[in-house]
Amino acid sequence: MTGLRPGFRSLLGPLVLRPAAKDRLRFLLTISGIAVGVATIAAIRLANASVLSSFSDTVDFVAGKAGVTILADGPGIPEETLQRLAWVRRVGATLAPAITETAAAGAADGEVVEVLGIDPLADTAAREYSFAEEKKEEKIFLEGEEGEGHARAANLSSIFERDSVLVTSVFAKRNSLRPGSPLHLVANGIERTFRVAGVLHPVGAARAASGSILFMDLAAAQEAFGKVGRLDRIDVVLPPGLSEDDRARFEEEIRASLPPGTTAGRPERRTETVDRLVRAFRVNLSALGLIALLVGMYFVYNTLSISVLRRRTDIGTVRALGASKRSVFTVFLAEGLALGVFGSAAGVGLGVALAKGALLLVGGTATELYIPSAHPSLHLDPLVLLFAFALGVATSVLSALAPALEAARVDPAATMRHGSVEAVRRRRTRPLALTGVVLLALAFALALPGPVRGLPLFGFLSVFLIVSGVSLLAPAAVTFAAARLDGPALRLFGVEARLARANLTGSLSRTSVAVAALTMALAMMVSVAVMVGSFRTTVAIWVSQTLASDLFLSAASGKSGASFGRIPDEAIAVVRDVDGVDEVDPFLAFGATRDGVPFTIGSGLFAFIAKHGNLPLVDGRDTRKVFTEALGKDEAMISEPYAEKFRVKTGDFVELPTDKGPARVRVAGIYTDYSNDRGTVTLDRAHFQRLWPLTGAVTVAVKLKDGVSPEEGARRVSAALQGRYALRVRTNATLRRLVLRIFDRTFAVTYALEAVALAVAVLGVLNTLTALVLERRREIGLLRVLGASAARVKRAVQYEAAAIGGLGVVMGVLSGGAMSLVLVHVINRQSFGWTIAMHAPWGFLAAALGLVLLATLAAASRPAGLAASTDVAAALKEE
Amino acid sequence: MGARVTADSVSKSYGGGGGGGDESRAAGVDALAGISLTLEPGSFTALLGPSGCGKSTLLNLLGALDRPTGGRILVDGRDLATLGEDERDAYRRKTAATIFQFFNLLPTMNALENVALPLLLDGAAPAEADARAASLLAEVGLHGKERAYPYELSGGQMQRVAVARALANRPTLLLADEPTGNLDSKTGTQVLDLVSGLVQERGITVVMATHSVEASARASRVVRLLDGQLLP
């Protein structure tokens, strides 16, 4: 190494730094190529980490000092559980029961807020509260001062009356609240007025949900939210000084005293659940980022390989002067490293900016599914940034390996002429193409196996192999296409076509890499567009089939798009009695877990579906018949994502958690459901209510009598509910529009990512063409000597660009088509459990591809102009 | 019939900025300083002189690759300075052909395509261009090498392809810039034999820049250049 250093340093200037300084634009383009890939990956990971950390913060703050948290697998923990657990108090542990609910504050469309109903006497042992009074600050719970803690707890409870709530200072400020202010809360379709009894400092539990949390008395919360006799969680504060073994034993004993359908574990496990929920989403987006990074890799390869080619003579000279192979190799590797460092640094910066967009996407999904009140803020995790940076640097160094090796192989006499270097490369065309074909065959084979731990790993590998296989076919494709430029094209387009052909094959190693990079970016765009387009069409068709009712009612749910809370039975009765309403179908559901994986247990009126047949079945059987039979036999219907996720088939039995132990229900059929990927087990309402003591509905579908328009129906229903219940009434048309709007919003970032990758690929064509024109200055000068006009020289470069662009488009469409098959039938299905029918968005594709072709030609105008303005005499003098 | 070429007080200076005037000229380098010369049709003239004497500059001016800063060049009575860009392109395609020391073949095209290129540039039909290129290659003794790429040919063979290419559009003026400078003496002699034979057959006017006395001996007239001026 010591011998290498001075050599390395003296070579860096002439071989790397000075040429790079001369060719700044190309180096900037290369750096931007890496930056995009790194940015994508950084953004997605940052957004994901932010959502998770905001969620785990909430989990931590709410859990407070609890060592064990008891949660229900089903709709709640029976209150008697507290008695069953009374023994833990005798060993020094404390039980802090709580109700958790989500409400809209102020009005039906107000800020979404978490409500925690607590037992003021017990809660101070688990959670910390600090009052922010006008003048004095009083800390309610002081660690280690049991007596004082209890005394203050009494103080805390005295604040609690039936209609009192404690708010956080953040929330109070946002809503201009002071002690004594009235606060309207809408929960479960009913608006209630509370009084602010105190404002809490952002300490302990008051920090949960970014301060969007209220505290009220447990009994009051049970009554207000229709949860009398039930609890949502019990936090157990363990006695101090427990060893890990004791703690595990303690946890085991607690578990033994729990009723069925209830689980005990460390509070963190809920974060894992959310992680699992957003994992498929994150992995899919990360894969997109990896493809972008791959395009960046091609950039580095191309730039360095052009550098090596252009500096062959210089390399030969320094080798003749005694520079070792190793130092030449190191110098070019260092160039790759430098490109990687600059590109990755820019990428990390760009990624932070992009992360805000990605946060809306990932965050939106997580909050809609799980925590409507969360406001995940961007958390710049240094580890995530470091990971993205390292990935960018590693890939550029990796792509610098081949050109660096080639540089090291340049012999000191530099006797090999340019043409023969390319000739050697041309001879590799066939073996490369054969390898490409083998990879494509492998890609096909890898699309067949199932998921690995719920993730479509083989699917991703298959996409990766398609990309690699097609890239290896690029030289063969360029050769094939170039040959077509002679013959008939020669007569049609003149000698410029032959010049373009000669340049394409003459610089095959460069042109084919440009084609491969463009192909890759286009394949990514085409496949994602086809996937999203297919998905959208499938969802639109499904929505029009399933949304057979005229009106849809949900509990008012504040600003968040997600609905939560339940519509009370009384409200449903009111709706049923409205003049013009024919039928109502209440859908009631709650979240449950199976082996720690969340899913939904729902219920509807099977008779309603049997009558209207509006829920398509996966196997194409008659919905009416299957639902009628299921109704008669008390059987369940499951959604397709549930069937996929838990590998359940028609005729299998599913176990559902109830207070009396698991209920075994036979599956009568599988229905298509694109509304969520958690998976749902649906029972008839009567059957459901026999198993769980739940009333009301999450949503209510309303069929109007003939002759009543949806708008008129909505007006009448709203009028009937006015002043009594805060419900959201949507017509069929509005809901359909809403569904598609949510859909489009979800995929908006995807399109943004694609657009960026595509722009970079077009810049890649510009990059390659500029390099080729600079490299061919002498040849261009010669053409001018032979009497070719500047316009013809320009045209030849444009034809070359058109050929690269056209080839990229054709190969991009073909490989994108193949990738979309894998995305739709393998990756999407294994990640989310949805069957999607292929629908290519032809209009969009045609427009996008046309645009790419135009952009490529536009990008070519600069190098073409450069070629046209070549100083003939000067160019010929260069040797 | 070869071209009649007249250079009338031709000068060329490089650098010195665009301001014009005596100062700038003084700052620049005078590559040619008022050269007057007449080349009869079908003559073979050697421009003899050391490197930097202005040989290549003169050839570039004769080939309409560059414009003189003073004086004028008439080819068959036409002043090259009056030609527009398109006319200059056409002049290089049809009238003045060039061969170089480093052959300057397009490395991305085979021998046949290199020779056919000027024909195609001049609008010949592809089949016709290929046929003429093949016959020219046969004439320079490269029958069977039509598909060979430049890197597969020896220096002498490459220069033969360059000669064939130069003759493709039946020029009346052939400008040869050190055509043997990159060849061993035996091959150089062969190439010179070829060139003088072919041009005599066709009556083409030839101007060859060289620093080799031996090579210049092949010419019917030797003009000596030194520091941009003709030696008497």
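1. Let's start with helix H22 of chain A, residues 623-633. In this predicted model, H22(A) lies across strands E17, E19 and E20 (680-684) of chain A, and its direction makes about 170 degrees with that of E19(A). The helix has four buried residues, namely Thr623(A), Val626(A), Phe627(A) and Ala630(A). Their arc around the axis is only 95 degrees, so they sit on the same side of H22(A). Among the elements covering those buried residues are helix H21 (606-612), E17 and E19 of chain A. Gly632(A) and Lys633(A), on the other side of the helix, are exposed. One backbone detail to look at: Asp634(A) follows H22(A) and has a positive phi, near 55 degrees.

2. E17(A), residues 636-639, and E19(A), residues 663-671, run parallel and are joined by 4 bridges. If you want a specific pair to click on, Ile638(A) has Ile670(A) of E19(A) as its bridge partner.

3. Now zoom out to the whole sheet. It is an open one of 9 strands in chain A, with mixed pairing, and the order reads E18-E19-E17-E20-E16-E15-E21-E14-E22. Which strands stand at the edges? They are E18 (653-656) and E22 (727-731) of chain A; each has a single partner strand, so one side of each has no neighbour in the sheet. On average, neighbouring strands are turned by 30 degrees against each other, direction ignored.

4. Helix H20 of chain A, residues 569-576, also packs on this sheet. Its contacts are with E14 (551-555), E15 (581-594), E21 (699-704) and E22 of chain A, and its direction is at about 155 degrees to that of E15(A).

5. Helix H25 of chain A, residues 710-721, has 12 residues. From first C-alpha to last it reaches 16 Å, close to the 16 Å expected at 1.5 Å a residue. Gly713(A), Ala714(A) and Val717(A) are buried in this helix. Looking down the axis, the buried residues of H25(A) fall within an arc of 100 degrees, so they line one face of the helix. The cover over them includes E14, H20, E21 and E22 of chain A. Just after the helix, Gly723(A) takes a positive phi of about 85 degrees.

6. Helix H11 of chain A, residues 312-320, has Ile315(A), Val318(A) and Arg319(A) buried. The arc they cover around the axis is only 105 degrees, which puts them on the same side of H11(A). Thr313(A) and Ala320(A), on the other side, are exposed. Here too a glycine comes just after the helix: Gly322(A) has a positive phi of about 110 degrees.

7. Pro475(A) is worth a look, as a proline that lies in helix H16 (residues 457-485) of chain A. Is Pro475(A) buried or exposed? It counts as buried, because 25 other C-beta atoms lie within 10 Å, where 20 or more is the cut-off. Leaving out residues up to four places away in sequence, Pro475(A) touches Thr429(A), Leu432(A), Leu508(A) and Ser512(A). For a sense of scale, Pro475(A) and Asp652(A) are 177 residues apart in sequence and 53 Å apart in space, C-alpha to C-alpha.

8. Some totals for chain A. There are 30 helices and 22 strands, and 53% of the 879 residues are buried. Of the contacts with a separation of 6 or more, 84% are between residues 24 or more positions apart.

9. Last, the chain contact. It takes 23 residues from chain A and 25 residues from chain B. On the chain B side, helices H3 (85-94) and H4 (111-121) are the elements that give two or more residues. That side divides into 14 nonpolar, 5 polar and 6 charged residues.

Conventions:
Residues are numbered from 1 along each chain as its sequence is written. Chains are lettered from A and ligands numbered from 1 in the order in which they are written. This is a predicted model: local features need pLDDT of at least 70, side-chain atom pairs count only at pLDDT 80 or more; totals for chains, interfaces and linings use all residues. Two residues are in contact if their C-beta atoms, placed from the backbone, lie within 7 Å. Ala, Val, Leu, Ile, Met, Phe, Trp, Tyr, Cys and Pro count as nonpolar, Asp, Glu, Lys and Arg as charged, and the others, Gly among them, as polar. Two strands pair if DSSP finds at least two bridges between them. Axes are lines fitted to C-alpha atoms, for helices over the stretch in contact, and angles run from 0 to 180 degrees between N-to-C directions. A residue is buried if 20 or more other C-beta atoms lie within 10 Å of its own, exposed if 12 or fewer, and partly exposed in between; C-beta atoms are placed from the backbone. The arc is that of the directions from the helix axis to the C-beta atoms. The expected span of a helix is 1.5 Å times one less than its number of residues.
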